[in-house]
Amino acid sequence: MSTVTSVSECSVNNCSFNHDGCTAVAITVSGSADHASCATFIDTSVSGGLPKMLAHVGACQRSECRFNTDLLCSAPAVKVGPGAEAADCLTYAHA
């Protein structure tokens, strides 16, 4: 794998890294049975991240996801939004 997956959309309004898109340098995808959450989610009034949207998926802990290759995301892009938790990887697909 020679490319990293970008975060194309984030609809989690109360995340400190979401300012018209994810401004974290990279997110980590974690979670539990049958859903994947964004472990980078932070619910605070402090604004964090880079000045513009450039986020990528740094690591994916969901080895059973069909897009997981060596704990890296191989999806063309991921979307983050509310799901089973406040911020889930909506691109997650169980293999």
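Student: Which residues does Val-25 touch, not counting residues up to four places away in sequence?

Tutor: Val-25 touches Leu-50, Leu-54, Ala-55 and His-56, with residues up to four places away in sequence left out; contact here means heavy atoms within 4.5 Å. The model is a predicted one, in which local features need pLDDT of at least 70, side-chain atom pairs count only at pLDDT 80 or more, and totals for chains, interfaces and linings use all residues. Residues are numbered from 1 along each chain as its sequence is written, and side-chain values use heavy atoms, with hydrogens and water left out.

Val-25 sits in the loop between strand E1 (6–10) and strand E2 (26–32). Helices (H or I, at least four residues) and strands (E, at least two) are DSSP runs, numbered from the N terminus. Because its relative accessibility is 59%, Val-25 counts as exposed; the classes are buried under 20% relative accessible area, exposed over 50%, and partly exposed in between, with a 1.4 Å probe and protein chains only. Between the C-alpha atoms of Val-25 and Thr-69, 44 residues apart along the chain, the separation is 20 Å.

The loop between E1 and E2 also holds Asp-20. Asp-20 has a relative accessibility of 83% and so counts as exposed. Its phi is positive, about 55°, although Asp-20 is not a glycine. Asp-70 likewise has a positive phi, near 55°, in a residue other than glycine. That residue lies in the loop between strand E5 (68–69) and strand E6 (72–73), and Asp-70 counts as exposed at 72% relative accessibility.

A buried loop residue gives a contrast. Ala-75, in the loop between E6 and E7, has 4% relative accessibility and therefore counts as buried. Ala-75 touches Thr-5, Phe-67 and Thr-91, again without residues up to four places away in sequence.

Next, the core. A nonpolar core is a set of buried Ala, Val, Leu, Ile, Met, Phe, Trp, Tyr and Cys residues joined through side-chain atoms within 4.5 Å. The largest one has 23 residues, and Val-7, Cys-22, Ile-27, Val-29, Val-57, Val-78 and Val-80 touch the most other members. Two or more residues of this core come from each of E1, E2, strand E3 (35–38), strand E4 (56–60) and strand E7 (77–81). Beyond four places in sequence, the residues that Val-78 touches include Val-7, Val-57, Cys-73 and Cys-89.

For the chain as a whole, the secondary structure comes to 0 helices and 8 strands. The radius of gyration is 12 Å, close to the 12 Å from the globule rule for 95 residues, so the chain is as compact as a globular protein of that length; the radius is taken over C-alpha atoms, and the rule is 2.2 Å times the number of residues to the power 0.38. Along the principal axes, the C-alpha atoms fill a box of roughly 35 × 30 × 15 Å. Of the 95 residues, 40% count as buried. Among contacts between residues at least 6 apart in sequence, 71% join residues at least 24 apart.
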